[in-house]
Amino acid sequence: MQLEELITRFQQKDTFAFERLHAMYAENICGVINTIVKDDNLAQEICQDVFVKVWNSAMSYNSSKGRFFTWIVNIARNAAIDVMRSKNYKNQKKNLSADYFVSILENTTEEEEIDFNTKGLRNLVSKLKEKCIQVIELLYFKGYTQKEVAEELDIPVGTVKTRNRSCISQLRENMK
Amino acid sequence: MNTKEYIESGVLELYVAGQLSEEENLKVAEYAKLYSDIQKEIEAIEASILALSKTAAPKVNLSFSDVYEKIKNYRDTKVVPINKSALSWSSYMGWAASILLLIGGVYLFNQNEKLQSQIEVVEGQRINLEEQINEAKISLTKSEELLATIRDKNITVIPLGGQEVSPTSYAKAYWNKKEEKLYIDAQGLPEPPDGMVYQVWSLKLNPLTPTSVGLLEDFIEDDNRIFNLTNANTSEAFGITLEPSGGSKSPNLEQLYTLGVVSSS
């Protein structure tokens, strides 16, 4: 089934279509959340809530909001940031904004079981230059605007777009 | 359009990042439909981000059943009760509103009926009052005419005194010789018995010759008791006798109630 058809059925409250979409994006969405909260269990819980919200606000999606995945990432990011900002969380954890998600992968190296899939992913990231990881994480996962990325990385705004383009190209190259 | 240039501008990467405005998003979606190169490029960019984000996925079970449970719970514990209460609340309000409307409608209908009948009553009263005013006007006109007649300089006033039969009776005759009109004010006469009528006589004294001037008919019904008669005689006196109804040819002097002599001046 095509993505468009899945989305249409999902908007008609077809749980089967929604299950398919969940299967397609759950790891990615939960991953984006995890780059922000850096806590597997918390990320899992937020991620479930995000998909509930996606289900409940299905009708508010249309192509003016961009790609379907982009729309869900937006919802996920806002949910994760909300949790991070909540008093409860602030009391428990330090501000981790300086860390990039590479640390999540580094943590997994300490675990005993590393399957082939994880190896491939690690390979994917490890081949990326650090400046690429930064710009991609800020733009795609943390939702920074180009201007905010420029300020954060101390580079000209015009450079953000071109650097992003070349970094994505490199990422695509790594995937081959 | 040059799709290659468009692709290399980096706008599609920003599109997947969600960095474009709604308008720009629609434009890109439009191009993607028109040009398969652009569609493929978008999908490739998205696939790379999907792959990258997957590396950060929490190492826990991400089954759909957990999400499905939450959706069901959400529906059961939140959505449905809210809907239910919202439904019943609105339906109660609906019923309450329609009952109020009905009561209000009946009330207004009754009020309208009442006012309608009040208007009819008042209208009837108004007509009665108008009739009374008209009657009063007519009565006033008559009185004014009467007053004018009595005040006329050609009028001779003859007081008629009570006689043996009825000493307390009295009457007055207003006689306009020139116009041959005679008005009898019979206020001081008792009501005649059934079947009887007062008859007015013009008298010549030497010798005593009575001439009938007329009857005071409908005596009881006439409120002001002033009677309009015609008298062409050269009268020297006037008398009023009680006669059988229809009048008599000559007066019954035993029933002479009042009598008065015309002063010679």
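**Reading helix packing and a chain contact**

User: In which sense does α2(A) pass α4(A), left-handed or right-handed?

Analyst: The crossing in which α2(A) passes α4(A) is right-handed. A crossing is right-handed if the near helix is turned clockwise from the far one by less than a right angle, and left-handed if anticlockwise. The model is predicted, with local features requiring pLDDT of at least 70 and side-chain atom pairs pLDDT 80 or more, while totals for chains, interfaces and linings use all residues. Residues are numbered from 1 along each chain as its sequence is written, and chains are lettered from A, and ligands numbered from 1, in the order in which they are written.

User: At roughly what angle do the axes of α2(A) and α4(A) cross?

Analyst: Axes are lines fitted to C-alpha atoms, for helices over the stretch in contact, and angles run from 0 to 180 degrees between N-to-C directions. Here the axes cross at roughly 35 degrees and come within 9 Å.

User: Which residues make the contact of α2(A) with α4(A)?

Analyst: Two residues are in contact if their C-beta atoms, placed from the backbone, lie within 7 Å. On α2(A), the residues include Tyr25(A), Ile29(A) and Val32(A); on α4(A), Phe69(A), Ile72(A) and Arg77(A) are among them. Ala, Val, Leu, Ile, Met, Phe, Trp, Tyr, Cys and Pro count as nonpolar, Asp, Glu, Lys and Arg as charged, and the others, Gly among them, as polar. On that basis the contact of α2(A) with α4(A) holds 14 nonpolar residues, no polar residues and one charged residue.

User: How many helices and strands does each chain have?

Analyst: Helices (H or I, at least four residues) and strands (E, at least two) are DSSP runs, numbered from the N terminus. Chain A has ten helices and zero strands.

User: How many residues does each chain give to the contact between A and B?

Analyst: Chain A gives 51 residues and chain B gives 37 residues. The elements of chain A that give two or more residues to this side include α2 (15-37), α4 (68-85) and α10 (157-175). The largest share comes from α2(A), with twelve residues. By class, the side of chain A that touches chain B has 24 nonpolar, 19 polar and eight charged residues.

User: Which residues of α3(B) are buried?

Analyst: A residue is buried if 20 or more other C-beta atoms, placed from the backbone, lie within 10 Å of its own, exposed if 12 or fewer, and partly exposed in between. For α3(B), the buried residues are Asn25(B), Val28(B), Ala29(B), Tyr31(B) and Ala32(B). These residues lie on the same side of α3(B) because they cover an arc of only 160 degrees around the axis, the arc being that of the directions from the helix axis to the C-beta atoms. An α-helix has 3.6 residues a turn, so residues three or four places apart point the same way. The opposite face of α3(B) carries exposed Glu23(B), Glu30(B), Lys33(B) and Leu34(B). The cover over the buried residues of α3(B) includes α2 (11-17) and α4 (36-54) of chain B.

User: Why does Asn123(A) count as exposed?

Analyst: Asn123(A) is exposed because it has 12 other C-beta atoms within 10 Å. Asn123(A) is in helix α7 of chain A.
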